[in-house]
Amino acid sequence: RARPFAQQPKLVSVEDYLFVEQPSDDFFCPVTFGLLLHPYLTSCCGNHLSEEAASRIQREGGACPLCKKKDWSTMFNKHFQRQVNSLCMFCCHEDRGCGWQGELAAFHPHVNSCPMRDCPPMTELVKLPVYRETGASTISFGASSPRSIASGTDMKRMMDLRVDDLYEVQEAIWDTRPKWKNIGLGLLISPPDIEVINENNGNIDDKFHSMILKWLENGKNCTWAALCKALSARSVGHANLAARIMTSPATLQHEPLSNPEESKVAFSKELSLQNGIWLRGYQEELAGPGLQGENYIFVAPTGTGKTLVAGYIIMHHLNKMLKEGRRRKVAFVTPTRQLTFQQKTKLQEYIPGMRLVEITGASCRPMHPLVQGDEVDVIVCTAGKLRRELKTEAVEITDFSLIVADECHHAGRPSNYSDIMEFYIRSKLAKPASTLPPHFGGTPLPQIVGLTASPGAGRGKSNIVTVVEHQLSLCASMDATSGIVTVQRNAAELEKYRNAPRKYLEVGDERNPNDPFILYVNSAMETLEHYIGNNPCLARGSSGYDTWLQNEKEAAENREEDERKRISVLDRLSVYSQCLMTYSDFRHEDAVSVLEEVEEFRDQTGFEHFLFGVHMDLMEKLSSLPKIPNPLLEHMETILRDQFARCPQSKGIFFVQSIKHTRYVTNWIKSSPTLSPPSKLLISLATTV
């Protein structure tokens, strides 16, 4: 039985979960909006509720909060809990320097023993390395070159600020010595000083050492933390030195710095759309408020060029800020890594010359150097990455002049988007001066532009009131003071370019229930069910049968007596059930491959010999059977062949239930003489829960 809600871990709240990629709405309770740590499946509409919500509503005799049916019940879903526990996330102490990343199942044990939980949060602009003291007055500058610090420098003052690994930073700086003069410029050491250092030192390592000591002697706080902080704030060449410091020394050795003047020239160029690309009438209508600098959300169907509209707004914004001599920095925020790469490619195609960089949570690259430097116009990033940078105070919301939120409907519920906008709203309420122009001492807030194909209608049963309330809430979350903009004047033109998919349902034939393969597997399963004395009266190879197996296994695990034999039988039944499901949808050899994954026992007891005998008997029977084609796949092959014969440039997508199924579909396509070679058929494989 699942643990009572009161016994759930209380280490952190749901707001403290830092997901590598934001999960879908299915992983959150529609009542409490919390993560479904203990999901309960409703019998009426098939949705999931948290244990807290399910027990409270049923205790009060209420109806289902989603479909409003009064006759309903719930069942704990162990299978869905495994999916929740497999979500990948960061430690909630990431802002204190913890680099742990793993599944949710290991999250609470890690937090209990996290070495960073008692450390103060890091408030430095960049996370820097832990210094290594090699003596009373010595610091290591390189892997094998300890350098003595000048006698007049106070060692204690040089180490009075907590940093994370100064040794690695020093090593990274050392590996840039072929361009050591650029380091001097970054430290604001005057050219005459550089010449003196050059004359007094014949060895380039000594020149480097003397230059850093010169900087320390100039009185700029005289701490190594201040040195690294200054390096991270200065632009050297076309890329910021801080980004190189955070990169491995091997990369530094093979990526020389370029002329600082290059970035100044590129920054002064006025951008324009690629030749042959222009905005249609409905796209100009959507872009109107954005060109006026207003906060708003524009909505248009998928495939009608929303990214082009956003790119045009960004281009106009950058050109305007350039003419006014104001600092410009744009964040293009997406919900997933795949969209990050896709949108960056599109923006580069639409507006050549725009300096873009993509950065996601999977990358260890810091955002601060890109924000503070002048080498990048647009940062295309995931919402999770920007949220973490804001939370650790590595960047501030006012560092940007424009924020474009792709798929902004996520801001209407607890998500990385809503957390980002919370920083914006707090800054707006806490600093009224931020609304003033810069010459009056204000720090202007960024313009906010959201784009989506569907703003949504809210949860539960929808009517005009709930839809309006939901969309007003979305506008409030995005601070969209100009509301939601849709195409009105150019609606007829929009319909010409709108992708209106043709929807139809093709029902293929199922396999013959008297197929020998199905009969043999059913016979083996019946033998095992008789052994444990349980017959669920459910169709084997169905989702209902799998749910029964999971519940039976959970009950056996919670009993005090030894139930290892029963659990072993239930595990074997689960394999056979998966085999039937695979045989129903895919090929004969795919179903056999499921059975081949069963491991043999080395030292067999009487019970293990029984299991082994049932399995070997089944495999022997199946090996003698002919491979009967699957009528469902034959029907699918006909559809694809006809489609690609009519339109060779077509693209297709399969939605399947698991990663294994993607392999089955891929192998089927490759083995089909009419669908191969694969270059004739572009299939994108995806999984769906």
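What volume does the largest cavity have? The largest cavity has a volume of about 50 Å³, in a model that is predicted. The protein chain holds 27 helices and 22 strands, and 45% of its 689 residues count as buried. Of the contacts between residues at least 6 apart in sequence, 66% join residues at least 24 apart. The chain exposes about 35,100 Å², with carbon and sulfur atoms supplying 51% of that area.

**Cavities and pockets**

- The count of cavities of 30 Å³ or more comes to two.
- The largest cavity is lined by Val333, Ile403, Ala405, Tyr417, Ile420, Met421, Ile448 and Met478. Two or more lining residues come from each of β18 (402-406) and α18 (416-430), and α18 supplies the largest share, three residues.
- The second largest pocket contains about 1,000 Å³ of space.
- The lining of the second largest pocket comprises 29 residues, and Met636, Ile639, Leu640, Ile653 and Phe654 lie nearest its centre. The elements giving two or more residues to this lining are α26 (631-646), β21 (652-656) and α27. With ten residues, α26 gives the most.

**Salt bridges**

- The whole structure has 17 salt bridges.
- Lysine 428 pairs with aspartate 479, with the closest N and O atoms 3.0 Å apart. Lysine 428 is partly exposed, with a relative accessible area of 30%, whereas aspartate 479 counts as buried at 10%.
- Arginine 540 forms a salt bridge with glutamate 529, the closest N and O atoms being 2.9 Å apart. Arginine 540 is in the loop between α21 and α22 (543-558), and glutamate 529 is in helix α21, eleven residues apart. Glutamate 529 counts as buried because its relative accessibility is 3%, while arginine 540 is partly exposed at 24%.
- A salt bridge also joins the side chains of arginine 587 and glutamate 589, at 3.3 Å from N to O. Arginine 587 is buried, with a relative accessible area of 15%, and glutamate 589 is partly exposed at 30%.

**Helix α24 and its cover**

- Helix α24 spans residues 588-596, and its buried residues are His588, Asp590, Ala591, Val592, Val594 and Leu595.
- The cover over these buried residues includes α21 (516-532), α23 (564-585), α25 (606-623) and α27 (659-671).

**Exposed nonpolar residues**

- Ile464, Val465, Val468 and Leu472 form a nonpolar surface patch, with about 390 Å² of accessible area together.
- Isoleucine 464 is in helix α19 (residues 464-477). Its relative accessible area is 64%, so isoleucine 464 counts as exposed.
- Tryptophan 278 sits in the loop between α12 (260-267) and α13 (281-291).
- Leaving aside residues up to four places away in sequence, tryptophan 278 touches Leu273, Gln283 and Leu308.
- Tryptophan 278 and tyrosine 350 are 72 residues apart in sequence, and their C-alpha atoms are 9.3 Å apart in space.

Terms used. Residues are numbered from 1 along each chain as its sequence is written. This is a predicted model: local features need pLDDT of at least 70, side-chain atom pairs count only at pLDDT 80 or more; totals for chains, interfaces and linings use all residues. Side-chain values use heavy atoms; hydrogens and water are left out. Helices (H or I, at least four residues) and strands (E, at least two) are DSSP runs, numbered from the N terminus. Buried means under 20% relative accessible area, exposed over 50%, partly exposed in between (1.4 Å probe, protein chains only). Contact means heavy atoms within 4.5 Å. Accessible areas come from the Shrake-Rupley method with a 1.4 Å probe; for residues, only the protein chains shown count as cover. Patches are made of residues with over 30% relative accessible area and no salt bridge: like charges are joined within 9 Å, nonpolar side chains (Val, Leu, Ile, Met, Phe, Trp, Tyr) within 5 Å. A salt bridge is a side-chain nitrogen of Lys or Arg within 4 Å of a carboxyl oxygen of Asp or Glu. On a 1 Å grid over the protein atoms alone, a cavity is a set of points where a 1.4 Å probe fits but cannot get out, and a pocket is an open set with protein on both sides within 12 Å along at least five of seven lines; lining residues have an atom within 4 Å of a point. Grid points are joined across faces, edges and corners, and a volume is the space filled by probe spheres set on the points.
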